Amino acid sequence: MSQNEAYQKDIESIRQLMERSVKFLSLSGLSGILAGLYALAGAGAAYFLVHFPLFPTSYRQESLQADDVILKLLGIAILVLVVSLITGYVLADRKAKKQGVQVWNATSKRLVVNLAIPLVTGALFILVLLWHGHYGVAAPACLVFYGLALLNASANLFDEIRYLGYSEIVLGLICALLPGYGLFFWAAGFGVLHILYGTLMYKKYDR
Amino acid sequence: MKNPFDSLDKILEHRLRLQIVSVLVANDSYDFNALKELLETTDGNLATHLKALEREKYISINKSFVERKPNTRYKITERGRTAFKKHLEAMEELIKQQKR
C-alpha cells in the first residue's frame, strides 16, 4: 500500500511541476482589479477631454480632428498602461516572495515575450492608424490586439485569461462597427472586464 | 496478463529524472539554471541525472552562448516522450490494480 501511495505522490508532483514550469502562477488578481480602476479613471479623464457635455453612453457623431487632443488621449492611454504594468510587477513580486519563488524566471520571461509580440505589433499599427488620421478605429484596435496578446500568452497564465482574451477581441470587433462608442467600449474592455476577471482570479487564487 | 511492474521505466523510477522529463515534456525546451531553480537541486546532482537521461537518448542537448556566457538547453526526444508516457501508464495501472 505504501508503494501505491508513493506512485500517487509521484504522479501528483509531476502534475504540479508540469503546471508550474509552464504557467506563471504569481500573477495577482488584485493587479487586474487595480488596472481596471486605472483604466476607468483614464476613461473618465478622456470623457471630459473629448466627450463632455455629451452623455457618456451617447454616440459621438463627429470624429476627432485636433492633434493636441489626440496627443493628450495617447498620453492618458500610455500612463494607464505604464502604471498598470508597474502595479502588476510589484504585486507579482510580492506574491512570488510569498510562494518562495523568483518572479523573474524562465516561465515569466517566456510570458513577457509571448505578450510583447502582439502588443508591440498592435502599438506600431495603432501609431500608423493615428498617423493617417484613422482615429475612429484606434480604440477597437487597442482591444483586439490586447485580446490577441492575452490569447497568445494564455498557455503561460491562469485559464481565465484565455476567456478575458476572447472577451476583449469580441468587444473590440463590436467597437470597430460603432466608432462613436469608442471611449465607452475602451472603458468596458480595459476597465470593467479587468475588474471582473481580476475579482474572479483574486477569489480563486489569491486567498 | 503482463505484470505492470515490468512496464515501469528503470531510468524514470528515479524521482529527479522523472521530474526533469516531466518539465521537458511540458515545455519546448528548458535551460540548466531554470531547471535547477525549479527543481531546487544542486548543480552536481542535476548534471549527473541529465547525463544519465542523455545517455539513454531521452533528452537532447543544445549548447550555445548567451551574452558570452555558456547556456545549455535541454529538449525531450521522441524516445523520451514515449518512455515518459509508458511509465505514467504503468504507474496508473499499478495504482488501479492495488485498489481492487
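**Entry 1: chain B, elements.** I counted five helices and three strands in chain B, where helices (H or I, at least four residues) and strands (E, at least two) are DSSP runs numbered from the N terminus. Along the sequence, I read the pattern α-α-β-α-α-β-β-α for chain B. I note that this is a predicted model, in which local features need pLDDT of at least 70, side-chain atom pairs count only at pLDDT 80 or more, and totals for chains, interfaces and linings use all residues. Residues are numbered from 1 along each chain as its sequence is written, while chains are lettered from A and ligands numbered from 1 in the order in which they are written.

**Entry 2: chain B, extent and burial.** I found that the C-alpha trace of chain B spans about 55 × 25 × 20 Å along its principal axes. Of the 100 residues of chain B, 27% count as buried; buried requires 20 or more other C-beta atoms within 10 Å of a residue's own, with C-beta atoms placed from the backbone.

**Entry 3: the sheet of chain B.** I traced an open sheet of three strands in chain B, ordered 1-3-2 with antiparallel pairing; two strands pair if DSSP finds at least two bridges between them. Strand 1 and strand 2 (59-66) of chain B stand at the edges with a single partner strand each, so one side of each has no neighbour in the sheet. Strand 1 and strand 3 (residues 69-76) of chain B pair in the antiparallel sense over two bridges. I located B:D31 opposite B:R73 in strand 3 of chain B.

**Entry 4: chain B against chain A.** I looked up the contact, which takes 15 residues from chain B and 16 residues from chain A; two residues are in contact if their C-beta atoms, placed from the backbone, lie within 7 Å. On the side of chain B that touches chain A, helix 2 of chain B gives the most, with five residues. That side of chain B divides into nine nonpolar, four polar and two charged residues. Here Ala, Val, Leu, Ile, Met, Phe, Trp, Tyr, Cys and Pro count as nonpolar, Asp, Glu, Lys and Arg as charged, and the others, Gly among them, as polar.

**Entry 5: a helix pair in chain A.** I found helix 5 (residues 138-153) and helix 7 (residues 182-205) of chain A packed at an angle of about 20°, with their axes 8 Å apart. Axes are lines fitted to C-alpha atoms, for helices over the stretch in contact, and angles run from 0 to 180 degrees between N-to-C directions. Helix 5 and helix 7 of chain A are therefore roughly parallel to each other (angles under 35 degrees). A:A139, A:C142 and A:L143 in helix 5 meet residues of helix 7 of chain A, including A:W186.

Notes
Angles under 35 degrees count as roughly parallel, over 145 as roughly antiparallel, 65 to 115 as roughly perpendicular and the rest as oblique. A residue is buried if 20 or more other C-beta atoms lie within 10 Å of its own, exposed if 12 or fewer, and partly exposed in between; C-beta atoms are placed from the backbone.
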